[in-house]
Amino acid sequence: MLLRAIFACLLALAQNAFAVSTISISADTITNDNAVVRSANILVDLKAQTTYTIKAQHIQYDKLEARNANVFLDYRGKPTLTFDTDLKQSSDKAWAKAQMHCLVPANLMQEVWQCNDGKFTAERINLPFALEVTPQPKGFAANINLQSANFSDEAGLHAAEKLTGHLTVVAKQEGDTLHFNSALNWQSGEVFWQPLYFANGGHELQAAGSLKGDILTLDNATLKLDKVGDLKFSGQVDTKTFKIQKLNADLPNLNLAEAYPLLFKPFLGKTMLNNAELDGKAALNVSVVDSQIKTFKISLKDANIDDKNHKFAFYNVNADIPWSYDAATKVSFSYNNGQLLNMPLGRTNIGAEVNRYSLVSPSIELPILDGAFKLSDISAAYINDNWYWHLRAALTPVSMPDASRAFKLPTMQGKASAEIPLVTYSGGILTTDGEMVLNVFDGTATVSQLTMQNPLGDSPKLSADLVLRNLDMGSLTRTFSFGAIEGKLDGDVLGLELLNWKPVKMDAKLQSSPGNYLKKISQRAVENISSLGGAGAAAAVQRSVLRFFKEFNYEKMGLSCILRNNVCEMSGIESTPGGYVIVKGSGIPAITVLGYNQTVGWSELVDRIKRVIEGNTKLIVK
Amino acid sequence: MKKFLLSLLVIVSIFTANWVAAAADLEVNTPAISALKASMQARHSQLGPFYSSGAVGLTKDAFIAIKDATAVPLKDRGGFNSLVSAENADRTNLYKEIATANGHPEWQGDIQNTFAGRWIDKAQSGWFYQSGGGWVKK
């Protein structure tokens, strides 16, 4: 108020022809409401035309501080107003600089104020701008142009470079309500707003609404994201608490290929979806009342989801997922084909009923190779940010030759099938009750006590017991190019733990099955088994004898490994002083293979097995 | 005399036992530790340029911290931030796992302190590390 009075006084002076050439007013302190001005100096130069110079060393207004403020009003030609000042919030340490140069219109309250060369600079901020403001009854209309602006916060988490854009605002006060209509056009420049990054402009935001007290109402707003889609929304938010009182948002046509890297990926952090490629279309609709989602609907149309780490892929995904806080809904999800951990998936249709935070479905069939995973009695619930589910699962026979090809394993014969009465998932851990029986190599492999932790995540963990019975060693050794052995094999791999699909702990024991059957071992297999035992191992027959016989009879063979901390503690079927027996011969010539390495590093053992298999493969190629 | 010798022996053995226990094996290897080391090794090639440019530095508590994000172009900044937090998460787990593998989870803090010095010793010249209240270029 006081400042206005001084101005009025000065203007009055200027218009009357006083015989004074300059007027200077100084004040130590001027206080008015929340404003305190210190060391102010007003100089009116009345020679020729008039200029007004107003200087203040320090101004405090609410939580804003200014120092070295200069205002220069020049009536000599076209009236202009120039000001510059240092500015800061009282709580800040560093000062920013603001400057502006405006043409003063003849009619101050009705005509446009044109301000160019506006600049706001601080340590990490440089905002050159131009401004046009037209006062209107109880409001104003403003145009702001930002030219190649840069800013960054101290941590560099919110920053823009070469930002050029345009903002128009029309505002009008009616009673206690401020009505506005604004449009923001981000033309060019890059922005990083942790964790989002926009490489370029082309985006627009239009919003019309009102502000009454702390309540911001948007009657109608549109966010156009270049190449991604248009989001229309309206609602009400408390600007003090940021609580959404009401929101309706509609995104009818989202381009997934563009939206995924721009909007989704930055939020997917360490989840399994963080390194995928998406395309296709999606539609999203959501309504919120009192900060609580009331309904939403997600639709996917011919979407493809491809994990770049090749852990999973789903093609031609179509989904219709409505959800309501108040009512049960039916959701559907289908894909044409895909793969999960290299296992090919066939066409699948999933239907389920969703009731707030729980889901039930009588059955889901997931075709895999020539068989299918049949899930039934499925129920899932989302409680306290965690998923819990249980279901019954069965694997109808899958051909092992196909499965081994899919898993890039040597071709195995037989079929695999399984029946799991109960699969539960709780606290990120998948547990199975019951057994999975695989019929392989004319024998059986039974997996039980299977549990898994984040199978698709960064460090998948698996634990299980594996029991092998009566595998045909003939086809086993042929499959893995080990050198021929005739006979049957039993195995018990108990307490097996895999981390990143690599064994880290187990009590494994492989040995010839009990019973009467043909037991023959080839010269090559003897050599290979010896080399598994390491440098110290030796076949207890002379090389010369080995050379004469292509195969030998054996009575029993076996090897076990107790794996702890990357070290395998080895033993055989019998102990000998300083070693153990791996193959115990029978008949003439009797052959005995001994092992002397009591402990072997796991990676060393794996290398030895690889060398044996690769060595033999080469031999066959020759 | 015999009694004295026996008690001396007991005392000596207690001290020896303590002395052995007090030296943590920092090179201890478990599957979890080797998985963490492999993950950090794989990340190191990505972090290398950021150490050299001074965007990131070694902290005195054995972590890494963003020193000057503006040295990283805007388009790489999101990835850079995630690299730093992933590295620090691995480091926390590494210290914890080494303490656990030594049979003394309560040693985590001491192990972390020892690593702080090790990381700085191993750092290439030109990299930044925290010393006193500020950053020092090695």
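1. In which loop of chain A does D153(A) lie? D153(A) sits in the loop that joins β9 (139–152) to β10 of chain A; helices (H or I, at least four residues) and strands (E, at least two) are DSSP runs, numbered from the N terminus.

2. A word on the basis of these notes. The model is predicted, so local features need pLDDT of at least 70 and side-chain atom pairs count only at pLDDT 80 or more, while totals for chains, interfaces and linings use all residues. Residues are numbered from 1 along each chain as its sequence is written, and chains are lettered from A and ligands numbered from 1 in the order in which they are written.

3. D153(A) is exposed, because 12 other C-beta atoms lie within 10 Å (buried means 20 or more such atoms, exposed 12 or fewer, partly exposed in between, with C-beta atoms placed from the backbone). Beyond its neighbours within four places in sequence, D153(A) is in contact with H158(A) and A159(A); a contact needs C-beta atoms, placed from the backbone, within 7 Å. From D153(A) to R124(A) the C-alpha distance is 6.9 Å, at a separation of 29 residues in sequence.

4. Confidence in chain A: the average pLDDT (the predictor's confidence in each residue, from 0 to 100) is 87, and 92% of the residues score at least 70. Over residues 617–622 of chain A pLDDT stays under 50, and the model has two contacts beyond four places in sequence for this stretch. Where pLDDT is low, the predicted coordinates should not be read in detail.

5. At the interface, 18 residues of chain A are in contact with twelve residues of chain B. On the chain A side, β10 (158–174) and β11 (177–193) are the elements that give two or more residues.

6. Chain B has four helices and four strands, in the order α-α-β-β-α-α-β-β from the N terminus. Of its 138 residues, 20% are buried. Among contacts in chain B with a separation of 6 or more, 57% join residues 24 or more positions apart.

7. Helices α2 (residues 31–53) and α3 (residues 74–101) of chain B pack at about 150 degrees, their axes 10 Å apart; axes are lines fitted to C-alpha atoms over the stretch in contact, and angles run from 0 to 180 degrees between N-to-C directions. α2(B) and α3(B) are therefore roughly antiparallel, a term for angles over 145 degrees. Residues of α2(B) that meet α3(B) include L36(B), M40(B) and F50(B).

Key
Parallel < 35°, antiparallel > 145°, perpendicular 65-115°, else oblique.
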